[in-house]
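Open the model in your viewer and keep the selection panel at hand. Each stop below gives a selection and says what is there.

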Amino acid sequence: MRHSLKFLLCCAILVIISPFNLPAQQQPGGGNGNGNGNGNNGNQNVGGILIDADGIVSTSPTRRISRSELKDLQSAFAEQLGDPTLIEQNEARVLSLKQLDEALRSSLASESEVPPAIAYLAGLQRIDYVVIDPEQQDIRIVGPAEGFGPGPDGQILGNTTGRPPMKLDDFVVALRSTVSGQNEIGVSIDPTNENLSKLQNFVRANSSVTSTASAQRRIRTMATILGNQQVSIWGVPDDSHFALALVEADLRMKRIALGLDPSGVRGISSHLALLRPQGNSLQRWWFMPLYEPIGTNAEKTVFAIKGQRAQLMAQEEISDATGDRSASSVTRKSTERFAQQFTEHFEELAARQPAFAELQSLYDLALAGALIDQNWDRGNVEDAFPTLMQDDRLPLEVYSPPRFVESRSTTKKAGGVLLGLVGGVTIDAGRVARDVRDEGVSALPGTQSPAPEGSWWWNPQEGR
């Protein structure tokens, strides 16, 4: 009996290429590969990824802060917030874009940095309602919120749920992009056709029975041949936090798929664990929105948002000798099963891993922007919210654009895999925003009234 040694390239595809064969008594051992990058300019460690001077993306190791250091950071951050009511958890916090725009204008006139309360949108965790107020020339977003501050690794997280709060920068990017007509946002990480073709040629020439050590050397060679995967970003600036957060979510998903990182959720196995020896093909996985139809009222001034926000899709493809890809007529069960597991347990996954919670937030922010773009008929959004919409008034933080993801290799008991840590995310916010149904929806009490004087956020049931 001989073990079939398969090769996996995970990209906007995940490629399973022809096997080498190993003697039955020999089994491949651990993996090998590259993936360490070094941040530069003091701002290239974003969430859980690093971007080096060449634009190569890698996951960053978690640095746990000591208890005393964490306590000091949290105390200093609480002082910066100023308002003690921000630390309260609330199921329906309201943010007024009109008042937020004014608060930003005033803050930027007196300070060089945006205050943390504004930078993290008053601890907003999700958007459940978008409310348009024609009389007040205002738009309000409503959703659960909680206190927030530095977590054990220094990342800003919710004090109760551990989820990262929504970020002003991400909302502004989504709003500016959708209002300018960019309803489709996405990221894709792909090998070049040239390198795919070289990889297939190498496998065809090196598919003989071999020893474990020789097979593992071949796998490492394949990772070198495949080289860097190219990162493509559209719909948002490639140097924005929004773009980097998309890349991180996709990278984290692929690392789970390939068995490099644990999911932390029972019920999600790696694709590597699900894989069985089969013929050659390409597996493509990508995130897409998952929402229920949006409920509204007859006037289309209140929009209720429901659903788990994100799902993972799967599609097999075929690659020809030149590296060009086309859709396959059949998608194998292991490919579909991994996507199904990921989707079924996505809420649990988001509760454990901030990158996936942040992906849900990005979908919400893009959808809110699309709803505003399609339903705001009170003149230009740029005129209504000039600080939020104009870069010369509110320039956003920029990062080194992600350009490449390195290929890697690893092995498992009954075979080996070549790993290109790549994939895709798409956000067609315009399409989701058009799936609206009049269900007699009414906003929560207090969300349609004018904002309390001097406030850009409030908890309506408390009369703030």
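Select W285, F287, F338, F342, F346 and F356: together they make up one aromatic cluster. Keep in mind that this is a predicted model. In total, the structure has twelve aromatic pairs.

**Stop 1: F287 and F346**

Keep F287 and F346 on screen. Their ring centres are 6.1 Å apart and their planes meet at 75°; anything over 60 counts as edge-to-face, so this pair is edge-to-face. Now colour by secondary structure. F287 sits in strand 14 (residues 281-290) and F346 in helix 10 (residues 346-352), so the pair ties together parts 59 residues apart in sequence. Are these two buried or exposed? Both F287 and F346 are buried.

**Stop 2: F342 and F356**

Move on to F342 and F356. Here the ring centres are 5.5 Å apart with planes at 80°, so this pair is edge-to-face too. It links distant parts of the chain: F342 belongs to helix 9 (residues 333-344) and F356 to helix 11 (residues 354-375), 14 residues apart. F342 and F356 are both buried.

Stay on F342 and show its surroundings. Which residues does F342 contact, leaving aside neighbours within four places in sequence? They are M253, I256, I268, F287, L312, L349 and F356.

**Stop 3: the nonpolar cores**

Zoom out. The largest nonpolar core holds 93 residues, and V130, F287 and F342 have the most contacts inside it. Select helix 11 next: this helix gives the most to that core, with twelve residues. Then pick A92, V302, A304 and V441. They are among the ten residues of another core, which lies apart from the largest one. In soluble globular proteins, nonpolar side chains tend to be buried together.

**Stop 4: helix 4**

Select residues 168-179, which are helix 4. The helix has twelve residues and reaches 16 Å from first C-alpha to last, close to the 16 Å expected at 1.5 Å a residue. How many of its residues are buried? Eleven of the twelve are, so the helix is mostly covered. The buried set includes L168, D170, F171 and R176.

Finish at G181. Just after helix 4, this residue takes a positive phi of about 100°.

Key. Residues numbered from 1 in each chain as written. Predicted model: local features only at pLDDT ≥ 70, side-chain atom pairs only at ≥ 80, totals over all residues. Heavy atoms only, no water. Phe/Tyr/Trp six-rings, centres within 6.5 Å; stacked < 30°, edge-to-face > 60°. Helix = DSSP H or I, 4+ residues; strand = E, 2+ residues; numbered from the N terminus. Buried < 20%, exposed > 50% of the residue type's maximum accessible area, 1.4 Å probe, protein only. Core = buried A, V, L, I, M, F, W, Y, C linked by side-chain atoms within 4.5 Å. Contact = heavy atoms within 4.5 Å. Expected span 1.5 Å × (residues − 1).
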